[in-house]
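Hi everyone, thanks for coming along. Please have a look at the structure on the screen, and then I'll walk you through it.

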Amino acid sequence: MIKQNLHTHSIYCDGKDSIDEMVQTAIDKGFTILGFSGHGPCRYDSVAMKEEDLTKYIEDILDAKEKYKDKIQIFLGIEEDISQRIPSKKPYDFVIGSEHFLIEKGEVLNVDYSDEHTKKIVETFDHDFHQYAKAYYEGLQKIAEYDEVDIVGHLDLLMKFNEDQKYGSFTDPVYLSYAKECIDVLIAAGKIFEINTGAIARGYRKDPYPHQTLLSYIQKKKGNILLSSDCHDRNNLDCHFKESMELIQACGFDSMMVLTSEGFKKTPIEQFAR
Ligand SMILES: [Zn+2]
Ligand SMILES: [Zn+2]
């Protein structure tokens, strides 16, 4: 059975564990595929890797790939913020494209940061959550222009602090129209959407990104998905995986994407561990 996670952070950025510790935990938890995705250099992000860290990061993962090759398949990836230049795919096996930052009225706004900061973001958009959502999804949609990017990171990240829907309803038609337009463009460009459980592990949300309404829309439009934990602590490497597999099947998906040495392959859902 396949058990895969391609969204994994380590001490090279804001994760708690070394590459080796993370690999050992993945093996203990029965993972067959583990991809690392440290935050690529980003001038707005103090916890992102620095240019000068990259050589060591790459070496460390390639060493682990060789050392553990009989136990688990390891892939070298990176999570790039689309506010930055996205470098060529080499030497990476895969690239996650995410939008953590928005620039509005000369201010750098961090979508991922805190409830307090989210309030400030909405204020910056003239107290209009729709304007924020429009800007967020129009930005995210630009991933379609980058051939280097394989996976769209945490699609509806802007809803991180909106569990109680105080900023806006998950099913508001205006909000959904922006999200759906973005999804259409990304599907047409062949991008893969992740079902991301990272905010559950950290106590912000009860369900993975994206919200079920958007997940069902992706299914209806025949978009490709994979499951990932956006792991920053090895204890959460498969956080909420069992429940998410049930959700994925309840939404009607019959396949998920798997990274192989020949690239991504669409794989029947029955082949994944529950
Ligand atoms: Zn991210
Ligand atoms: Zn991440």
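First, some ground rules. This is a predicted model, in which local features need pLDDT of at least 70 and side-chain atom pairs count only at pLDDT 80 or more, while totals for chains, interfaces and linings use all residues. Residues are numbered from 1 along each chain as its sequence is written, chains are lettered from A and ligands numbered from 1 in the order in which they are written, and side-chain values use heavy atoms, with hydrogens and water left out.

Let's start with the metal. Which residues are the protein donors of the zinc ion (ligand 1)? They are Glu-79 through OE, His-100 through NE2 and His-154 through NE2, lying 2.1 to 2.2 Å from the ion. Donors here are N, O and S atoms within 2.8 Å of the metal (3.2 Å for Na, K and Ca), and water is not among the atoms, so sites may look incomplete. Written along the sequence, the spacing of these donor residues is E-x20-H-x53-H. There is also a zinc ion (ligand 2), 3.3 Å apart from the zinc ion (ligand 1), and Glu-79 coordinates both. When I say helix or strand, I mean DSSP runs numbered from the N terminus: helices are H or I with at least four residues, strands are E with at least two.

Now for the empty spaces. Rolling a probe the size of a water molecule over the atoms shows where empty space is left. On a 1 Å grid over the protein atoms alone, a cavity is a set of points where a 1.4 Å probe fits but cannot get out; a pocket is an open set with protein on both sides within 12 Å along at least five of seven lines; and lining residues have an atom within 4 Å of a point. Grid points are joined across faces, edges and corners, and a volume is the space filled by probe spheres set on the points.

The largest pocket holds about 310 Å³ of space. It has 19 lining residues, and Asp-14, Val-47, Asn-110, Asp-112 and Tyr-113 lie nearest its centre. That lining has five nonpolar, seven polar and seven charged residues. For these classes, Ala, Val, Leu, Ile, Met, Phe, Trp, Tyr, Cys and Pro count as nonpolar, Asp, Glu, Lys and Arg as charged, and the others, Gly among them, as polar.

How many cavities of 30 Å³ or more are there? The count comes to two.

On to the helices. H5 and helix H7 (residues 212-220) cross at roughly 35°, and their axes come within 11 Å. Axes are lines fitted to C-alpha atoms, for helices over the stretch in contact, and angles run from 0 to 180 degrees between N-to-C directions. Where they meet, H5 brings residues including Leu-176 and Ile-183, and H7 brings residues including Leu-214 and Tyr-217. Contact means heavy atoms within 4.5 Å. This contact divides into eight nonpolar, one polar and two charged residues.

Finally, the backbone. Most residues other than glycine have a negative phi, and most peptide bonds are trans. Here, the peptide bond from Lys-90 to Pro-91 is cis, with omega near 5°, and Pro-91 is placed in the loop between S3 and strand S4 (94-98). The bond from Tyr-209 to Pro-210 is also cis, with omega near -10°.
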